Amino acid sequence: MVVKGLGQLDQDYNGSEIRVGIIHARWNKMIIDALVNGAVERLKSMGVREENIVVETVPGSFELPWAAKRFIDAQKVAGEPLDVVIPIGVLIKGSTMHFEYISESTTHALMNLQEKVGIPVIFGLLTCLTEEQALARAGLDAGESMHNHGEDWGAAAVEMAVKFGP
Ligand SMILES: O=Nc1c(NC[C@H](O)[C@H](O)[C@H](O)CO)[nH]c(=O)[nH]c1=O
């Protein structure tokens, strides 16, 4: 069975020396919690120390880009700079165009954030047309492609920080 979308690791990465920031929205909390847990468990399985995983929250996905910049800056000022950040949000299409505008603007802002902050920003935004799609991608629904994408984001964070770090 081919499980689509799983970005396989190209080698073993040792995350024991990196600091990871997770900043997550609080909309769709049950799904967010599963994604965050998936990312944290994968980070720890790749050697990232629990004390080097720093978690912050924001009201919604639209706040992620600006708050992520402030979060990164604050960690640097505190003398505990992050090596990578994972913004996590769950956007589910409603009856208006709100979903489209937040998805598009937040995605572009997160992509552009990397140049401003100089560390990798992992794309942890689920943009789903239905709640079922979001549940499946958080590993909460036995439906289509049930796989916790938070695990992939954790693995990508370690690879990007270790392979392309300073
Ligand atoms: O509307 N739906 C969603 C949402 N809206 C709030 C938005 O991100 C922001 O917090 C407010 O507009 C205030 O700036 N935020 C999400 O993370 N997921 C959604 O599905």
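Two strands count as paired if DSSP finds at least two bridges between them. Helices (H or I, at least four residues) and strands (E, at least two) are themselves DSSP runs, numbered from the N terminus. With that in hand, welcome to this structure: in β4, the bridge partner of I88 is G124. This is a predicted model, where local features need pLDDT of at least 70, side-chain atom pairs count only at pLDDT 80 or more, and totals for chains, interfaces and linings use all residues. Residues are numbered from 1 along each chain as its sequence is written, and side-chain values use heavy atoms, with hydrogens and water left out.

**The sheet**

- Four strands form an open sheet in the order β2-β1-β3-β4, with parallel pairing.
- At the edges sit β2 (53-58) and β4 (124-128), each of which pairs on one side only.
- From one strand to the next, the twist averages 20 degrees; axes here are lines fitted to C-alpha atoms, for helices over the stretch in contact, and angles run from 0 to 180 degrees between N-to-C directions.
- Strand β1 (residues 20-25) pairs with strand β3 (residues 84-92) in the parallel sense over five bridges.
- Within that pairing, G21 has V85 as its bridge partner in β3, and H24 has I88.
- β3 and β4 also pair in the parallel sense, over five bridges.

**Cover over the strands**

- Eight of the nine residues of β3 are buried, so this strand is mostly covered, where buried means under 20% relative accessible area, exposed over 50%, and partly exposed in between (1.4 Å probe, protein chains only).
- β4 is mostly covered too, with four of its five residues buried.

**Helices on the sheet**

- Helix α1 (residues 29-45) lies across β1, β2, β3 and β4, and runs at about 155 degrees to β3.
- Helix α3 (residues 98-117) packs on the sheet and touches β3 and β4, its direction making about 155 degrees with that of β4; contact means heavy atoms within 4.5 Å.

**Two loop residues to look up**

- N28 is in the loop between β1 and α1, and has a positive phi of about 60 degrees although it is not a glycine.
- With a relative accessible area of 27%, N28 is partly exposed.
- M97 is in the loop between β3 and α3, and is partly exposed at a relative accessible area of 44%.
- From C-alpha to C-alpha, M97 and Q133 are 18 Å apart in space and 36 residues apart in sequence.

**The largest pocket**

- A pocket is an open set of points on a 1 Å grid over the protein atoms alone, where a 1.4 Å probe fits, with protein on both sides within 12 Å along at least five of seven lines; its lining residues have an atom within 4 Å of a point.
- The largest pocket has a volume of about 300 Å³, the space filled by probe spheres set on the points, which are joined across faces, edges and corners.
- Its lining has 14 residues, of which W27, V90, L91, H98 and I102 lie nearest the centre.
- β3 and α3 are the elements that give two or more residues to this lining.
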